[in-house]
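Hi,

Here is the structure I promised to pass on.

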Amino acid sequence: MKVVRKTLSILAAPFVCGLFALGGTQVWAEGDPDVDPALAPLPMPIPAPPDNPITEAKVELGKILFFDPKLTGDASLSCGDCHDPKQGWGFNDPISRGYPGTVHWRNSQTVVNGAYLSKFFWQGNVGSLEKQAPTANKGAVAGNGENDVMESRLRQTPYYVEKFKEVWGTEKPILHHAWMAIAAFERGALTQVDSPLDRYLNGDKSALSEKAVKGKELFEGKANCIECHNGPTLSDEKYYNLGVPRPVEWEESGINTITYRWENYAKGVHEKMYRDWKDDAGLYYSSKRKQDIGKFRTQPLRYIKYTPPYMHAGQFFTLEEVIDFYNEGGGENEFTDGTHGFKNKTPILKPLNLTDEEKEALVVFLEEISGEEIKMAVPEVPKIEVMPDVPGLTQAQAKRIGLEMYLSNLAEN
Ligand code: HEC
Ligand code: HEC
């Protein structure tokens, strides 16, 4: 891939220079000469895998599960606590809250429009919403749940026994079906149908203000955002190191450092890296290739107004700060400045020389395309109840039920 790009950039250089030389009104930013798909409306109907179609009953069940803390270790935290409807369906601290007693190490992303992604997380390391949900609720610094305990809680909740039977036809809830229902909820209820950007791209030229249209032109031209933020989600789902600075939390706060250290250990880096690195190596943890150190998935931008702060550890608080960062041609971190003997910064970012007016137009564009906020009241979650004795319970099953009652008492008191 890299080789191909190099060859292409040699071929493309005179072409790009040629356009500058022509001095036309169109400003062409020089970037990565791959093909950049145009911005596009979200395709309808909402895509879903064939084995998990979106149905009304499933979306309703998934909604309750999304807000139900029974699906975490100590039954105190739900998806909705880190993906709060009032915080852009994310969490507005730079670094997300974690499982009680921990903090996370990355910024919590919005779950809005996830139906259209094929790579999830900043590291892009999970391939579907069905696979993402258990990763979240089992991960040590997120949900920290254990399969049998979480499943037992569902089985001890009469509401779930009834609803799982209705949706999946099983006598008892099966945990795997919970993740599928949550995925259906995310697709069915948290997709922005008909946003101003969709309306504009579908031909309604009044859907965006004049200033936003100017911002769109810059986005696709002089500011060259389109190079990476393209297609229907405004993400090419590729990976880049932009030189986003290291989060200050890892120097200032012990609890953050613990998570950072632990993540490195758990994801497997060799001892020298464990001791020397002070920053998030991103894609490297999945690929273990040196050229991927410090790269992150291009973040989709559709719901952006509601999801500050920005970048993988919330390094920037406002969109203005983000635009300033790009205007300067990105930044530096220890994986781009040669500290460890290599420089991984993407060559695509260059100083943009944007005027104040142009910067403002970009911000207005990003704000307007964010569209209406998806509001939702947090539903009440169903109660665990004491189930009648079942003859023939194994000791393990009986133990689980005992733990269940203990935890539900804790939750009530
Ligand atoms: C303790 C907080 C926490 C909990 C609980 C949590 N998440 Fe997350 N979520 C995060 C953080 C932080 C990220 C980014 C993590 C990363 O990239 O490493 C994330 C990322 C995601 C993403 C990826 C979005 C994208 O653009 O790729 C989805 C989808 C998601 N979470 C859904 C869920 C669901 C569904 C649940 C419940 C089953 C859940 N999360 C529970 C904090 C949490
Ligand atoms: C070289 C590819 C590339 C280009 C060009 C690019 N971006 Fe990004 N963008 C990314 C990546 C990768 C991330 C995530 C980086 C991270 O967190 O380390 C990102 C993150 C963002 C975020 C933060 C999103 C969030 O949810 O936190 C915003 C906003 C953004 N870009 C806007 C822009 C704008 C506006 C432009 C044009 C001025 C632009 N980008 C140009 C790749 C790019």
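First, some housekeeping. This is a predicted model, where local features need pLDDT of at least 70 and side-chain atom pairs count only at pLDDT 80 or more, while totals for chains, interfaces and linings use all residues. Residues are numbered from 1 along each chain as its sequence is written, and chains are lettered from A and ligands numbered from 1 in the order in which they are written.

Ligand 1 has 28 residues around it, with Cys79, Cys82, Ser96, Phe121 and Ala136 coming nearest (a residue is near if its C-beta atom, placed from the backbone, lies within 6 Å). H4 (129–138) and H3 (79–82) each put at least two residues into that shell, and H4 gives the most, five. Helices here are DSSP runs of H or I, at least four residues, numbered from the N terminus.

Ligand 2 is surrounded by 27 residues, and Cys225, Cys228, Tyr310, Met311 and His312 are the closest. Helix H14 (residues 319–327) provides the largest share of this shell, four residues.

Then the helix pair: H5 (residues 147–155) packs against H16 (residues 395–412) at about 70 degrees, axes 10 Å apart (axes are lines fitted to C-alpha atoms over the stretch in contact, and angles run from 0 to 180 degrees between N-to-C directions). So H5 is roughly perpendicular to H16 (that label covers 65 to 115 degrees).

Cheers

Notes
Parallel < 35°, antiparallel > 145°, perpendicular 65-115°, else oblique.
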